[in-house]
Amino acid sequence: MRIDKVIEMQLQTSRKEMKRLFAKGLVCVNGQMIRNQAFNVDSHLHQLTVNGQLIEWYERYWLVNKPAGYVTANHDKVAPTIFDLFDPKDFSEGLYAVGRLDRDTEGLVLVTSNGPLGFQLLHPTKKVEKIYQVRVNARLTSDDVRAFATGIVFHGGVQCQPAKLVLQVCHEKESWALVSLSEGKFHQVKKMFLACGKKVTFLKRIAFGPLKLRGLPVGGYRPLASAELEQLRPFIEGGRSNATVSSAIV
Ligand code: URA
């Protein structure tokens, strides 16, 4: 959350009082004075003090292994949502999913209360890598690998950026592969294979930036480990508002 909001909320200050604290140089992050009131602060990563007093604000982070059949949304009229997987004790208002998987897609979804983080991870200029395990209904060949590396053009003309296709098992009527992309167009993986004349019959996201599913069972979820949060630090601190902030920490 923005550092100015955290101070107003936790110290119950007026906006004017909060601004005065900044103006007097009394607000510090990790021991250094900070001027930028828009800094995205999280006590998992930052020690925030105001006039020497420790102020805490913890965002929440969950890694979910979405089963097929669930929608990536907070509410849905017909289908269960990823939030139905949560034990009520782990659910809290303000949680949202960073990006969406199709209803029939399985795999990794990051759920967090940290709004600016989602914006950063999904921003096209950040080119965050996503890796998918894919099964298609035909034999994949080195021609497909080359087409992905060159940049697939969807039926309809939309051009994709180059992507990596790694073939795993290739049979006449079924192939398995890994696809690695750094963009996030609607139904992107399915449309890329369609452009090669193949239909995706199974799709699972196994990695999103530094986050990996590893042994998390389908339908399970877990809090992010502190090492994973540390790997997300550039995205938490890397927003435009924080770019000026880093230099504003003096
Ligand atoms: N690409 C797709 O086609 N579907 C997804 O759910 C994710 C990526």
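Predicted model: local features only at pLDDT ≥ 70, side-chain atom pairs only at ≥ 80, totals over all residues.
Residues are numbered from 1 along each chain as its sequence is written, and side-chain values use heavy atoms, with hydrogens and water left out.

Strand E7 comprises residues 106-112; helices (H or I, at least four residues) and strands (E, at least two) are DSSP runs numbered from the N terminus. Seven of the seven residues of E7 are buried, where buried means under 20% relative accessible area, exposed over 50%, and partly exposed in between, computed with a 1.4 Å probe and protein chains only. Two strands are said to pair if DSSP finds at least two bridges between them. Strand E5 (residues 61-66) is joined to E7 by six bridges in an antiparallel arrangement, and within this pairing Asn65 has Leu108 of E7 as its bridge partner. Strand E6 (residues 96-97) also runs antiparallel to E7, with two bridges between them, while strand E11 (residues 200-208) runs parallel to E7 and is likewise joined to E7 by two bridges.

Individual residues illustrate these pairings. Glu106, which is placed in strand E7, stands opposite Lys204 in E11, and the side chains of Glu106 and Lys204 are joined by a polar contact of 3.0 Å. A polar contact is a pair of N or O atoms within 3.5 Å; within protein, one must be able to donate a hydrogen and the other to accept it, and residues adjacent in sequence count only if both atoms are side-chain atoms. Glu106 has a relative accessible area of 14% and is therefore buried. Thr112, also found in strand E7, counts as buried because its relative accessibility is 0%. Leu63 lies in strand E5 and is buried, with a relative accessible area of 0%; Leu63 and Thr112 are 49 residues apart in sequence, and their C-alpha atoms are 8.7 Å apart in space.

In helix H3 (residues 115-122), the buried residues are Leu117, Gly118, Gln120 and Leu121. These residues cover an arc of only 165° around the axis, so they lie on the same side of H3, the arc being that of the directions from the helix axis to the C-beta atoms.

An N or O atom in the side chain of Thr105 is 2.9 Å from an oxygen atom of the ligand. For Lys190, a backbone N or O atom lies 3.1 Å from an oxygen atom of the ligand, and a polar backbone atom of Gln188 is 3.5 Å from an oxygen atom of the ligand. Of the 240 Å² of accessible area that the ligand has on its own, the protein covers 96%; accessible areas come from the Shrake-Rupley method with a 1.4 Å probe, and for residues only the protein chains shown count as cover.
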